Amino acid sequence: MAKWWQERLIYQIYPRSFQDTNGDGIGDIPGILMHLDELKELGVGIIWLSPVYPSPNADNGYDISDYRGIHPEYGTMSDMELLISEAEKRDIKIIMDLVINHTSDEHPWFQQSRDKSSPYRDYYIWRPGKQGNSKRSKEAISSPLGSSSSREVSKYPPNNWTSFFGEDCWEYDEKSGEYYLHLFAKKQPDLNWHNPKVLEEIKSIMRFWLDKGIAGFRCDVINILYKTSLDDGVKRLALTGIEHYLSQEGTHEILRTLRREVLDHYDCFTVGETVFVTPQSGKELCDEGRRELNMIFSFEHMETDQFYVKWFKRRFHAGRLAEAIARWQGALDWNANYLENHDQPRSVSRFGNDSHYWAESAKLLCILLLTLRGTPFMFQGQEIGMTNFDFTGMDQIQDVESHNIYRLAKKLLIPAGIRWRMIRASSRDNARTPVQWNDSPNAGFTTGVPWLGINRNYTHINMASQMKEPGSIRSFYKSMIALRANSDILKHGSFKPLVIKKQLFIYERELDGQSLLIALNFSGRTRKIPRGLIEDDRNNVGNTSAVVKNDGRIIKSNYHRKVFDGLLQPYEALILKGGPSHD
Ligand code: TEU
Ligand code: CA
């Protein structure tokens with residue numbers, strides 16, 4: 001029996017950039033309420049709300065200082081309750097971000113934990129520095145970013161690990177004379193999951209929100225919770241130490257406990273953001289029988305345009321993307337499919353063509369997302385083909401990760417031009433520019449000064465114009481979402497890759513002997529569908545008739561195609577009835 005979270009489309013809202021209603025330049029909950037009807041009309045069944053909790057915003061809400069509150073800049077708890085009930089009226093469910101690998105350093109737990117004798121001390125991972133002679137150790141604690149270079153401590157940090165954001169991952173705290181671990185920014189201390197009290201706190205926080213009517217959680221970096229040991233790691237270009245905390249048995253056990261003791265008592269689901277998962281470790285995290293997570297986000301397909309880390313881009317190659325997607329479609333029974341989120345550059349700029357074939361390629365990506373097996377997740381602005389930012393310098397960037405990496409790259413003597421190119425291509429701010437609602441000043445996002453610059457292409461890429469236009473990307477999304485909702489083959493059929501070439505991806509979905517064939521041309525050139533794979537219509541209809549009706553074989557085309565001639569136009573995407581077995 002299919003679950004409701006398998007049949008619905010999930011739409012991610014990054015509240016800061018969605019819609020401002022009070023002119024402070026920051027999106028807010030009333031702004032989400034304003035657009036609920038449009039989301040309903042688009043076909044959204046579940047909203048994933050990125051963090052709206054009180055936070056110093058060192059990492060835009062992924063550094064939480066109160067898990068049971070709403071940040072005043074987003075509104076009040078009654079706004080949140082209104083959002084839940086208004087969504088419910090429209091049969092839209094809401095899931096929230098559960099960020100439990102770390103808290104903010106301004107969370108009261110952490111503030112108290114800085115006192116060695118506090119009962120909260122053990123909520124975090126505190127360790128004394130390693131002894132060493134003072135000359136070498138001064139070097140050892142100076143981070144490549146220079147954050148702690150001026151301090152004199154006659155100790156080394158407790159181990160050699162490095163963080164996700166290009167800093168050291170140990171920060172020395174004067175007050176208690178020890179270091180704390182932070183795998184992300186230094187304002188994000190990691191919780192100590194060896195402490196059963198931490199588990200109890202989190203269980204109660206989860207119940208607090210589930211009792212308010214939340215339908216589940218997107219679990220932030222959930223497969224790194226449990227640090228098995230704090231021994232030195234094998235030296236790596238990035239993330240030294242990862243073998244001590246990636247998908248450890250301790251984490252599996254925590255997930256099973258949360259499932260059994262909390263989640264199973266509600267009609268809800270979880271999707272885990274699971275970093276560096278492989279098909280094997282992914283299966284262990286979301287296999288139904290193991291009762292841990294319901295779904296996971298994998299990353300392999302998002303890494304196909306990079307070398308080793310995202311800051312080193314390589315030319316996009318659709319074949320690599322298709323291979324990664326096909327591998328995961330085959331590996332898991334049910335995937336959480338996505339091409340965008342708040343951490344990733346815009347898909348049309350990255351996997352499509354945001355200039356000449358902007359609309360065609362955005363629609364092709366829409367067909368891809370909505371014809372895979374699994375729950376589709378889309379990100380705000382994706383439905384109108386929003387593109388990467390048009391910023392020209394670091395002063396326009398807000399993201400903590402981008403600033404850290406830029407500084408690190410400078411330390412490593414990477415020239416300014418290259419540094420900026422790295423940020424330009426890979427910064428998370430690419431996804432975070434405010435939603436372009438209309439062509440009025442500030443794109444209708446705010447009447448004040450937006451917290452992050454708005455892409456100047458809002459005059460031609462915006463929601464208002466696309467709502468009216470039947471041929472728009474937004475209209476295409478709407479019709480594809482409906483098509484999927486009404487198709488058992490697309491929702492529940494099996495997935496079979498047929499052709500994976502440099503710029504061509506063809507696959508079949510099949511259910512009870514009925515099938516659909518999806519053909520995607522990821523290039524600016526016309527491509528032939530390999531002969532024999534599927535017969536074209538020319539024999540059936542002849543070339544003579546000028547007006548040929550679609551005989552029902554073409555289910556969807558981003559070219560308004562009526563006849564299938566075996567060719568795919570630039571960035572053409574097609575859904576055809578009947579696979580090879582039916583020809
Ligand atoms: O992201 C975790 C993560 O590993 C990456 O996606 C990260 O954002 C970065 O791109 C690595 O280069 C999650 C959240 O989605 C992200 O917004 C947070 O900053 C992070 O966790 C910490 O909470
Ligand atoms: Ca606001």
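This passage describes the fold of a protein chain and the surroundings of its ligand.

The model is predicted: local features need pLDDT of at least 70 and side-chain atom pairs count only at pLDDT 80 or more, while totals for chains, interfaces and linings use all residues. Residues are numbered from 1 along each chain as its sequence is written, chains are lettered from A and ligands numbered from 1 in the order in which they are written, and side-chain values use heavy atoms, without hydrogens or water.

Let us begin with the chain as a whole. It contains 19 helices and 22 strands, which are DSSP runs (helices H or I, at least four residues; strands E, at least two). The radius of gyration, taken over C-alpha atoms, is 25 Å, close to the 25 Å that the globule rule (2.2 Å times the number of residues to the power 0.38) gives for 583 residues, so the chain is as compact as a globular protein of that length. Along its principal axes, the C-alpha trace spans about 85 × 50 × 50 Å. Of the 583 residues, 62% count as buried, meaning under 20% relative accessible area (1.4 Å probe, protein chains only).

Next comes the ligand. Around ligand 1 there are 18 residues, and the closest are Asp 59, Asp 220, Asp 343, Glu 401 and Arg 428; a residue is counted here if one of its heavy atoms lies within 4 Å. Oxygen atoms of ligand 1 lie 2.4 Å from a polar side-chain atom of Asp 59, 2.7 Å from one of Asp 220 and 2.9 Å from a side-chain N or O atom of His 102; a polar contact is a pair of N or O atoms within 3.5 Å.

Technical notes
A polar contact is a pair of N or O atoms within 3.5 Å; within protein, one must be able to donate a hydrogen and the other to accept it, and residues adjacent in sequence count only if both atoms are side-chain atoms. Buried means under 20% relative accessible area, exposed over 50%, partly exposed in between (1.4 Å probe, protein chains only).
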